[in-house]
Amino acid sequence: MNKPIWIKHAAQLATLASNVDGPRSKTAMSDLIIIEDGSVWIESGVIKAVGTTDELGNTYRNVIDSAEIIDASNSLVTPGLVDPHTHVVYGGSREREFEMRLQGSTYIDIMNKGGGIHATTNMTREATEQELIQQAIARLDSFLEHGVTTIEGKSGYGLNLETELKQLKVIKELQQMHSIDLVATFMGAHAVPKEFKGREEEYVDHIIYDMLPAIAQSNLAQFIDVFCEKGVFTFEQSKRIIEAGKHYGLIPKIHADEIVNTKGAELAAEVGAISAEHLLKTSNQGIKKMAEAGTIACLLPATALYLREQSAQGRKMIDHGVPVAISTDCNPGSSPTTSMPLVMNLACINMRLTPAEALTAATYNAACAINQQHKVGSLEAGKQADIVLWKVKNYQELQYLFGVNHVKAVWKKGVKVVDR
């Protein structure tokens, strides 16, 4: 039997504890529920108690000698970070496009020339499952080094049934192989494949009538996502795909209003999507509808930076009652990063989130965006012992010293998986 673990004397223990099951919005996003001189007691991978060092010292005084003791003096302790939007499984890379973009090509220009999603689709179709696993493991290792303990992973680089299933199978295998927990999203509607060019409606039908039944039967995905965007899928096509996915029990997400305003935010609210992603061009009406529906805005500040676009209006969304989560959008074309700490920094600098809001968006609200808040996202009795020890004294310093990985140690289900 594994020893209990007692993490004690944290300068700040940001628990993110919540009295409600859903995401936080408005001022609740700033309430980190901080315990000074904080401590956590862990048994068998589960948090048993959270409190001050004195409180837990008294509660467990008869068994302290049997515990592994971690001195967190002068350090910040938080829940493991949660990344609710990634494309972590894919073949190859697209570093040449980075240079093309700097020379003036746009995201859509590159995609129309056979690059972008189409280039990665070709490389992913050609890759074996084992090759995809090996490439993804390196990314997952990096996520873990940056304090991320749970991620969402999308398909969408197959754009045919065989490869979409291959990506989802790889996500399932990685879940069994790697310390990080993965949650899968089917995104066959990431783009219209080249073989369906000019026959977009046929591809929508193919997703609905061929792909979705097989995806549902495979039981490999919990969510469905669609890229509702000019030149990709229209509002009406996106709605058809999402409604069909809901018929098969998949929870909807929507890539919305990234490049132009296609009313994707309004669609997310209308269909009851758990989250809408990107939202760089979302209108005031879209923000209003999301707030009314309780749709989580999953914002991707590293993508906006990489594409040299104006960031989403994170400050306005929070002020108007939209619950906000943040993510790396880890992908080979528009955000090839695994650094959630950097994403938190950017959320503060470019979207005007406060340090407390950024931490909430990267933990508890991010967990809500993938329906995992009952297990992760906060430090509370009964939840998984997914914990990060940071080499900073408080949560403000975590965002103030930007562009630096402050991770000192990471525990996943009570097992130390990173020790720096």
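**Annotated binding site and cysteines**

With a relative accessibility of 5%, Ser334 counts as buried in this predicted model. Ser334 sits in the loop that runs between strand S13 (324–326) and helix H13 (340–351). Setting aside neighbours within four places in sequence, the contacts of Ser334 are Tyr107, Ala302, Thr303, Tyr306, Leu307 and Asp329.

Ser334 also turns up in an annotation. The unreviewed UniProt entry puts the feature "binding site" at Arg94, Tyr157, His190, Glu258 and Ser334. From this set, Arg94, Tyr157, His190, Glu258 and Ser334 are part of the lining of the largest cavity. Tyr157, like Ser334, is a loop residue: the loop with Tyr157 lies between strand S7 (148–154) and helix H6 (161–177). At a relative accessible area of 2%, Tyr157 is under the 20% cut-off and is therefore buried.

Now to the cysteines. The structure has 0 disulfides. Cys298 takes part in no disulfide, and the nearest cysteine sulfur, that of Cys368, is 12 Å away. As for accessibility, Cys298 comes out at 0% and counts as buried. Cys348, at 17%, counts as buried too, because the cut-off is under 20%.

Note on methods
Residues numbered from 1 in each chain as written. Predicted model: local features only at pLDDT ≥ 70, side-chain atom pairs only at ≥ 80, totals over all residues. Heavy atoms only, no water. UniProt positions renumbered as here; feature names shortened; annotations may be inferred. 1 Å grid on protein atoms, 1.4 Å probe; cavity = no way out; pocket = protein on both sides within 12 Å on 5 of 7 lines; lining within 4 Å. Helix = DSSP H or I, 4+ residues; strand = E, 2+ residues; numbered from the N terminus. Buried < 20%, exposed > 50% of the residue type's maximum accessible area, 1.4 Å probe, protein only. Contact = heavy atoms within 4.5 Å. Disulfide = S-S within 2.5 Å.
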